[in-house]
Amino acid sequence: MTTIGVIGAGQMGAGIAQVAAVAGYRTLLSDRELALAEKGKAGIAKRFASAVSKEKMSASDADAALALIETVGDYAAFADAAIVIEAATEREEIKRAIFADVGAKMGADAILATNTSSIPITRLAQAAPDPARFMGVHFFNPVPVMRPIELIRGLATSDATVAAVEAFAQKLGKEVVHANDAPGFIVNRVLMPMINEAIFALGEGVASVRDIDTAVSLGLNHPMGPLTLADFIGLDTCLDICRVLHSGTGDPKFRPAPLLVKYVEAGWVGRKVKRGFYDYTGDEPVPTR
C-alpha cells in the first residue's frame, strides 16, 4: 500500500490526508470541485508551517509530506489507490452517490472505506463495488491530534480487508479500536446523548451556555464543555448523528433536542461558520443565548 485516496477536503478529509502524507503515503485528495481540494491542501500547508515554526516538525519533513499530497479533480486518478477513504458530509445519499462513482474507477483489489461517524456500514456497503472490500474507518477531529480510530466491519467485510486497514491505521500512529456495526458505534453512541442532553438543558433554562460548559468541563474533568464541543464538531453533524441514532435504535432517548434543530435551521452550525452556541467573530467566544 503506497497510494491512498481521500474524498472530501474539509476538516476531516484534509486531516486524514495530512496524517497519511506524514506517514509517507502518496495521497490523492479530491472534493466536488478541484478548487475545494486545493483549499484543503492549502490548509494542510498552513498547519505544517505552524508546526515548523514551533519546532514540532522540520522544514524538510514538512516539504516532503506536502509534496506527497496531490489534489485531483476526477476519480479516475484513484485507479492507483490501494485504499480510498470517503470523508464527505454525514448524509447517506451523498455517500452512496460517491461510492457508485468512485467504485467504477477503483482498482480491482482496492479497499473502499467510509469515515462515517454513525451510519450503518452494512447498509452503506450496498452501494460499494464489493462489500467484502468495504468497511468503516472513523477518525476523530482534529485528525492529526486525536489518537483513536474506530474500525467497523460490515456483515460482508472480509478478514483480509480488516487486517489491511488495521495495518494502515497503525502506520499512521493511531490507536485502533474495533466496534460492531451498531448506530453511532462506540464514541458517538456515548457522546451524543450527553451533548443532546446539554442542549435540552439549555433550551429548558436549566442554566446558561457558559455555566453548562463550565459545570460539565470541571465536574467531569473534560477538556471542554459539551456545547463548546458541539460547536467544534458542527451542530449539523451532531443533528445528523442524533437522527441516525434515533431512527436506527427507535429509542426516544436519542430524540434531537428542539433547540439543536432550531440552530441548524438558522444556519448557526458552529465554529466553521463562526456562530453556534457561541459567537466566534471576536477575540473571545461569546454565548449566543
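Buried residues have under 20% relative accessible area, exposed ones over 50%, and partly exposed ones lie in between (1.4 Å probe, protein chains only). The legends below describe a predicted model: local features need pLDDT of at least 70, side-chain atom pairs count only at pLDDT 80 or more, and totals for chains, interfaces and linings use all residues. Residues are numbered from 1 along each chain as its sequence is written, and side-chain values use heavy atoms, leaving out hydrogens and water.

**View 1. Thr3 in strand S1.**
Thr3 belongs to strand S1 (residues 3-7). Strands (E, at least two residues) and helices (H or I, at least four) are DSSP runs, numbered from the N terminus. Thr3 counts as buried because its relative accessibility is 6%. Its contacts (heavy atoms within 4.5 Å) include Arg26, Leu28, Asp80 and Ile83, with residues up to four places away in sequence not counted.

**View 2. Ile83 and the largest nonpolar core.**
A nonpolar core is a set of buried Ala, Val, Leu, Ile, Met, Phe, Trp, Tyr and Cys residues joined through side-chain atoms within 4.5 Å. The largest one has 36 residues; Ile83, Val137 and Phe139 touch the most other members. Helix H1 (residues 11-22) gives the largest share of this core, 7 residues. Apart from it lies another core of 28 residues, among them Met192, Ile195, Ile241 and Val269. What does Ile83 contact, leaving aside its neighbours within four places in sequence? Its partners are Met1, Thr3, Ile4, Gly5, Ile111, Ala113, Val165 and Phe168.

**View 3. Gly10 in a loop.**
Gly10 sits in the loop between S1 and H1. Gly10 is partly exposed, since its relative accessible area is 39%. Beyond residues up to four places away in sequence, Gly10 touches Gly15 and Asp31. Gly10 and Ala87 are 77 residues apart in sequence, yet their C-alpha atoms are 8.1 Å apart in space.

A salt bridge places a side-chain nitrogen of Lys or Arg within 4 Å of a carboxyl oxygen of Asp or Glu. The whole structure holds 14 of these salt bridges. One of them joins the side chains of Glu92 and Arg123, at 2.7 Å from N to O. Glu92 lies in helix H4 (residues 92-103) and Arg123 in helix H5 (residues 121-124), so the pair ties together parts that are 31 residues apart in sequence. Arg123 is partly exposed, at 37% relative accessible area.

**View 4. Further salt bridges.**
Arg153 pairs with Asp159 in a salt bridge, and the closest N and O atoms are 2.8 Å apart. Is Arg153 buried or partly exposed? Arg153 counts as partly exposed, at 35% relative accessibility. Asp159 counts as exposed, at 56%. Asp251 and Lys253 also meet through their side chains in a salt bridge, at 4.0 Å from N to O. Here Asp251 is partly exposed at 28% relative accessibility, and Lys253 is exposed at 52%. Salt bridges with shared partners join Glu86, Glu90 and Lys95 into one network.

**View 5. A nonpolar surface patch.**
Val177, Ile186 and Val187 make up a nonpolar patch on the surface, with about 180 Å² of accessible area together. Patch residues have over 30% relative accessible area and no salt bridge; like charges are joined within 9 Å, and nonpolar side chains (Val, Leu, Ile, Met, Phe, Trp, Tyr) within 5 Å. Accessible areas come from the Shrake-Rupley method with a 1.4 Å probe; for residues, only the protein chains shown count as cover. Val177 belongs to strand S8 (residues 175-179). Val177 is partly exposed because its relative accessible area is 31%.
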